[in-house]
Amino acid sequence: MKLRPHYLAPLHEYTNFPFRMLAQKHGAKATIVPLVSVTALTRSHQRLEKLKKEMGKEEKFLGVQLIGKEPLEFLHSAKAIGENFPYVKWLDVNAGCPSRNAFGTGGGAALLDKPETVRKIVSALRRSNYPISVKMRLAPTMEKTIAIAEAAQEADFLVVHGRTAKQYYSGAADWGAIKTVKESSEIPVIGNGDVKSLAQGKKLVKEGFCDSFMVGRAAISNPLIFEGKEAGAKEKKKEVFAEYVSLAGKYGTAELFDCRLKAFELFRSLPNIAQFRGAIAKAKTLEELTAMIAGF
Ligand SMILES: Cc1cc2nc3c(=O)[nH]c(=O)nc-3n(C[C@H](O)[C@H](O)[C@H](O)COP(=O)(O)O)c2cc1C
């Protein structure tokens, strides 16, 4: 599969269908549906029905991220996705989610300790027609990190977030470690962690740290990042927020909770953010929230 120049990272509850559409409208070259449990997809029809509302054919270069630990459930999920969502372009294996929930099920970051399981999952997915990626974090040692990257070599590309599971999101992402993985890998590596601008991402590629890059948090506070622009000024942020609310109505249901979450992130960098947060936390309806933000 041809690598895209950059990707919007999966952020559970943030990079939903309307947000991915917003990012795509503003230049994101690929997006991904976060955290779809292969166990849920294998065992319950409800998960499939829910997924139908969580994505759409309007999404141009869309992947689905699968989480779990049973290789056959991954294969089953790939088939279900193939039958129901012909527009999905690739599947990603989550080998990095550090939440207790993911660890509890043996998937996510728990896979960083199980190269053989990673190998079996990728092998199982190879029996589907999808291009495959594995999104991993750093393991506690470089040796273990390389062992996971090695176990995933049957995939089409790796996504490496330069932090360990223990770090969650604290400390700086270790781009030296990402580069070491790239140098040991036969398949392309998408680097991820703390990329704050398009120019910075391009520089990392140019300097050989990665073959492409993925942006997470910087994109939820600045959805224009993939165009190389800043949603810096208040008026611009208001415009982007209104665009999001409109897309949320078009590609789902615009909801107070979700729009407030997006507003918190979008306006985060403003000097009087605490006051703003306090005010919008009091909004009782979406109409109230949008009116408050328009008058802000
Ligand atoms: C709120 C939040 C939710 C996330 N959800 C997911 C997820 O569902 N799947 C995943 O692989 N990574 C998830 N991540 C990790 C991001 O995809 C990314 O790897 C990480 O934030 C580092 O990139 P960044 O510095 O550009 O944000 C999440 C991160 C945050 C902050």
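Visitor: Is F276 buried or exposed in this predicted model?
Guide: Buried means under 20% relative accessible area, exposed over 50%, partly exposed in between. F276 has a relative accessible area of 4%. That value is under the 20% limit, so F276 counts as buried.

Visitor: And which class does F296 fall into, by relative accessible area?
Guide: F296 has a relative accessible area of 22%.

Visitor: Which kind of aromatic pair do Y7 and F157 form?
Guide: The structure holds twelve aromatic pairs. Y7 and F157 form one, 6.0 Å centre to centre, with 45° between the planes. Planes under 30 degrees apart count as stacked, over 60 as edge-to-face and the rest as tilted. The pair of Y7 and F157 is therefore tilted.

Visitor: How many residues apart are Y7 and F157?
Guide: Y7 sits in strand β1 (residues 6-8). F157 sits in strand β6 (residues 157-164). The pair links distant parts of the chain, 150 residues apart.

Visitor: Which residue lies over the face of F61?
Guide: F61 belongs to one aromatic cluster with Y7, W90 and F157. Over the face of F61, at 4.4 Å from the ring centre, lies R4.

Visitor: How many nonpolar residues are in the lining of the second largest pocket?
Guide: This pocket has a volume of about 170 Å³. Its lining includes F103, L112, D113, T164 and K166. By class, one lining residue is polar and two are charged. The nonpolar ones number seven.

Notes. Residues numbered from 1 in each chain as written. Predicted model: local features only at pLDDT ≥ 70, side-chain atom pairs only at ≥ 80, totals over all residues. Heavy atoms only, no water. 1 Å grid on protein atoms, 1.4 Å probe; cavity = no way out; pocket = protein on both sides within 12 Å on 5 of 7 lines; lining within 4 Å. Points joined across faces, edges and corners; volume = space filled by probe spheres on them. Nonpolar A, V, L, I, M, F, W, Y, C, P; charged D, E, K, R; others polar. Phe/Tyr/Trp six-rings, centres within 6.5 Å; stacked < 30°, edge-to-face > 60°. Helix = DSSP H or I, 4+ residues; strand = E, 2+ residues; numbered from the N terminus. Buried < 20%, exposed > 50% of the residue type's maximum accessible area, 1.4 Å probe, protein only. Lys NZ or Arg CZ within 6 Å of the ring centre and 35° of its normal.
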